[in-house]
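This briefing is intended for reading alongside the sequence and the coordinates.

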Amino acid sequence: MSDHETHIRVRFAPSPTGHLHVGGARTALYNYLYARKTGGKFVLRIEDTDAKRSTVESYKGIIEAMEWLGLNWDEGPLRGGDFGPYTQSGRGVLYHNEVQKLIDNGNAYYCFCTPERLEEMRFEMKEKKLPPKYDGRCRELSEAEVAERLSKGVPHIVRFKMPHDGTVFFRDIIRGEFSFENGNLDDFVLIKSDGNPTYNFAVVVDDAHMKISHVIRGDDHLSNTPRQIHLYHALGYNVPKFAHLPMILGSDHSRLSKRHGATSIAYYRDRNYLADGLLNYLALLGWSLDGKRELFTHQALIEKFSLKKVSKNPAVFDDSKMKWINSEHLKKLPLTKKIVLVQGVLNDEGLLPPAFDVDISKPVDLKIVPGGEEMTGKKALNYNMNDKETERLGTIINILGNRLKLLNDVPDVIGYFYTDDYRVDEKAVRLHLLRSEVPNRMNKLADEYERLKYFDRESVEKVLRDLAFNLEITAGELIHPCRVALTGKIVSPDIFWVVVLLGKTKTVERLRKAAKFYS
RNA sequence: GGCCCCUUAGUCUAGUGGUCAGGACGCAUGGUUCUCAGCCAUGAAUCAGGGGUUCAACUCCCCUAGGGGCUACCA
């Protein structure tokens, strides 16, 4: 690694005018990954120069979302650093010093044109099918004239004096060489009449002062880059390297907006998606390792990421793939971790502590649970659950297996283990319970279970199969109504495990209740 | 209007002049099973269009079309 590479500094610079959305998060992620991969620094800077649109709620929301995602910044709000402040509203003096430099060396000038005149001018130019550029009226104002208007307090802005001829060249890490004719660029605004810098000016000043080595951002900024390069030159700073990321589009291929529904990071956080899963999916939106491997842990992302492998084409956000990635991450979590997460969701839904005690007569041997993972370390004692309940939950999660794809499905998928007030699927009832022969069978099954001494999986299955044999029906004809009676659903994990984990008392109670209710 | 970027299945992508155009999600079918999920197997589906260059083009060049961006005292 060369000396230069040891000084890699990148930044994510959102404006606090809304929530952190998937596009911004992806940009933040790539910056973060690049910094971690290269041992550089990741800076978070808040670009709040638009006083009208910036809000503290957005600011807080962005910071919270970044933290939830685990995109830890080295310098910025809450962390500080040697190049602060990291909020542009706190850097006013700096912009004014810098713009003064530009005015002094003839690269910028005061402009007294009113917004009304500019609008008129633009309108006329459009009529004449000319590019709507600033006409440069104030560009050649004499020093005396400027001084006079200034002293009178005439509202003004500051513009960059763009050369009329020449070409600006630059190279983008992802897209290669670019050149822009200066003639197509106009005298853009540096300082607004409220004294705040514009985006194009503030980014350059801040990136230069914060010693940003690589500017990694969305390609909606590609067209701004030539203007910014002029500023770097005029200000006498080194031009950083650029990497313009393809944008993330909505399903209709238009720019992501509120119309597209689920675009905010908070939305997924609130629905109990896993941060690492989201990161994984976001990473894939515009980057791939080899087109084959798609599942990456946070750490693997850092190891494998490369700017060179970022694609040029815009990507459409696909919810179903994101769900899949999320489920894969969920699958891979160790059991103890899953228990804690599931407990959290159950608790949020008011399902903890359980509405009833379940007495499992014989402790469940996790070794015989399909794909059963044993609990390691001490049990997770959260949300008023005792050891036994925690162990039961661990077993429930084990028997659930891959059926659990989204943590948010937990209440629906296993709620019946925790309350009697669970949702009953009418279709399931119609299909399996509303039949004349069923109530009697359910009662018989309840009788058998009531008599059972050891309520373990083996016994519970034997009882049911023996009963089916005696009644001269298939096991399925008992199993399906039993499932609906116990869970209210047409689908569930292995029914015998459900019986065991629901416990003798509840199982018998629900079988009888179903028999009575649907006879 | 001007300037700029992008274009492989529905979606994300691999591909860098000669490949049966590979993978993944999703979809469909079959197998396993008490249901579902899973797992296994199988299948449908792609190089935007047109010109060149070349013995050979998804790959290089040009044009067209489509999509996106910038052109703000938004960022």
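Which residues of α7 are buried? They are Thr225, Pro226, Arg227, Gln228, Ile229, His230, Leu231, Tyr232, Ala234 and Leu235. The model is predicted, and chain A has an average pLDDT of 91.

**Confidence**

- In chain A, 94% of the residues score at least 70 in pLDDT.
- Residues 1-5 have a pLDDT below 50, and this stretch makes 4 contacts in the model beyond near neighbours in sequence.
- Where pLDDT is low, predicted coordinates should not be read in detail.

**Helix α7**

- Helix α7 spans residues 225-235 and is mostly covered, with 10 of its 11 residues buried.

**Aromatic pairs**

- There are 15 aromatic pairs in the structure.
- The ring centres of Tyr281 and Phe317 are 5.3 Å apart and their planes stand at 85 degrees; the pair is therefore edge-to-face, since angles over 60 degrees count as such.
- This pair links distant parts of the chain, 36 residues apart: Tyr281 belongs to helix α9 (residues 275-284), while Phe317 lies in the loop between β11 (315-316) and α11 (319-332).
- Tyr281 and Phe317 are both buried.
- For Tyr416 and Phe417, the ring centres are 4.7 Å apart and the planes are at 40 degrees, so this pair is tilted.
- Tyr416 and Phe417 are likewise both buried.
- A cluster linked by ring pairs comprises Tyr267, Tyr268, Tyr273, Tyr281 and Phe317.

**Charges over rings**

- Arg159 places its charged end over the ring of Tyr134, at 3.6 Å from the ring centre.
- Arg26 lies over the face of Tyr30, 5.1 Å from the centre of that ring.

- His329 is located in helix α11.
- With a relative accessible area of 14%, His329 counts as buried, because the cut-off is under 20%.
- The side chains of His329 and Asn280 make a polar contact at 2.7 Å.
- Leaving aside neighbours within four places in sequence, the contacts of His329 are Leu274, Asp276, Gly277, Asn280, Phe296 and Thr297.

**RNA strand B**

- RNA strand B is surrounded by 66 residues, of which Lys192, Glu294, Arg403, Arg483 and Asp494 are the closest.
- Among the atoms of RNA strand B within 4 Å of the protein, 73% belong to sugar or phosphate, and the rest belong to bases.
- Arg403 has a polar side-chain atom 2.2 Å from a base nitrogen of RNA strand B.
- Ser193 has a polar side-chain atom 2.5 Å from a base oxygen of RNA strand B.
- In the case of His480, a polar side-chain atom lies 3.1 Å from a sugar or linking oxygen of RNA strand B.
- Two or more residues of the surface near RNA strand B come from each of α4 (115-127), β4 (157-160), β6 (176-181), β11, α11 and α18 (475-487).
- Helix α11 gives the most to this surface, with 4 residues.

How values were computed
Residues numbered from 1 in each chain as written. Chains lettered and ligands numbered in written order. Predicted model: local features only at pLDDT ≥ 70, side-chain atom pairs only at ≥ 80, totals over all residues. Heavy atoms only, no water. Phe/Tyr/Trp six-rings, centres within 6.5 Å; stacked < 30°, edge-to-face > 60°. Buried < 20%, exposed > 50% of the residue type's maximum accessible area, 1.4 Å probe, protein only. Lys NZ or Arg CZ within 6 Å of the ring centre and 35° of its normal. pLDDT = per-residue confidence, 0-100. Contact = heavy atoms within 4.5 Å. Near = heavy atom within 4 Å. Polar contact = N/O pair within 3.5 Å; in protein donor to acceptor, adjacent residues only side chain to side chain.
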